[in-house]
Amino acid sequence: VTSRDMIQLLRFFHGRGTLDGREILTSASIARMERPTTLLASRAGVRVGMGLGNIATARRGFLFQGHTGGIDQFSSAFAY
């Protein structure tokens, strides 16, 4: 994965599923990916938690969407 790939992914999410004028996913699909449902609190309306391959976290008053990952001796995070 290159930095250019990550920029395209950010543009895809910022475009709510559309990239370069082409709809890849509907905006409703993006909203569903971002909607946490894994915890009782998220089912009650709290906006942090795991969606579908996408996690919502709050930091310093901002809500971030993204994904984390890693392997031995490596960690990564993507957030928007």
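**View 1. Phe78, a buried ring in a predicted model.** Phe78 has a relative accessibility of 15%, so this residue counts as buried. The cut-off for buried is under 20% relative accessible area. The model shown here is predicted. Phe78 belongs to one aromatic cluster together with Phe12, Phe13 and Tyr80.

**View 2. Aromatic pairs around Tyr80.** The whole structure holds 3 aromatic pairs. One of them joins Phe13 and Tyr80, and this pair is stacked. The two ring centres are 4.8 Å apart, with 20° between the planes. What does this pair tie together? Phe13 sits in helix α1, while Tyr80 sits in the segment after β6 (74–79), so the pair links parts that are 67 residues apart in sequence. Tyr80 also pairs with Phe78: the centres are 6.1 Å apart and the planes meet at 50°, so this pair is tilted. Is Phe13 buried or exposed? Phe13 is buried, because its relative accessibility is 8%. Tyr80 has a relative accessibility of 21%, so Tyr80 counts as partly exposed.

**View 3. Strands β3 and β4, an antiparallel pair.** Strand β3 covers residues 49–50. β3 and β4 run antiparallel and share 2 bridges.

View 4. How many bridges join β4 to β5? There are 5 bridges, and the strands run antiparallel. β4 and β5 form a hairpin with 2 residues between them. Arg60 is in that turn.

**View 5. Arg60, a positive phi in an exposed loop residue.** Arg60 lies in the loop between β4 (55–59) and β5 (62–71). Its phi is positive, at about 50°, although Arg60 is not a glycine. How much of Arg60 is accessible? Its relative accessible area is 83%, so Arg60 is exposed.

View 6. Where is Arg16? This residue is in the loop between α1 (3–14) and β1 (18–19). Arg16 is not a glycine, yet its phi is positive, near 55°. Its relative accessibility is 30%, so Arg16 counts as partly exposed.

**View 7. The whole chain, as a setting for the close-ups.** The chain has 3 helices and 6 strands. Which pattern do they follow along the sequence? The order is α-β-β-α-α-β-β-β-β. The C-alpha atoms fill a box of roughly 35 × 35 × 20 Å along the principal axes. The chain has 80 residues, and 20% of them count as buried. Among contacts with a separation of 6 or more, 11% are between residues 24 or more positions apart. The chain exposes about 6,000 Å², and carbon and sulfur atoms supply 59% of that area. There are 10 positive and 5 negative charges, and their mean positions are 9 Å apart.

Terms used:
Residues numbered from 1 in each chain as written. Predicted model: local features only at pLDDT ≥ 70, side-chain atom pairs only at ≥ 80, totals over all residues. Heavy atoms only, no water. Helix = DSSP H or I, 4+ residues; strand = E, 2+ residues; numbered from the N terminus. Buried < 20%, exposed > 50% of the residue type's maximum accessible area, 1.4 Å probe, protein only. Pairing = 2+ DSSP bridges. Phe/Tyr/Trp six-rings, centres within 6.5 Å; stacked < 30°, edge-to-face > 60°. Contact = heavy atoms within 4.5 Å. Areas by Shrake-Rupley, 256 points an atom, 1.4 Å probe, with all protein chains shown as cover. Lys, Arg positive; Asp, Glu negative; His and termini not counted. Charge placed at Lys NZ, Arg CZ, Asp CG, Glu CD.
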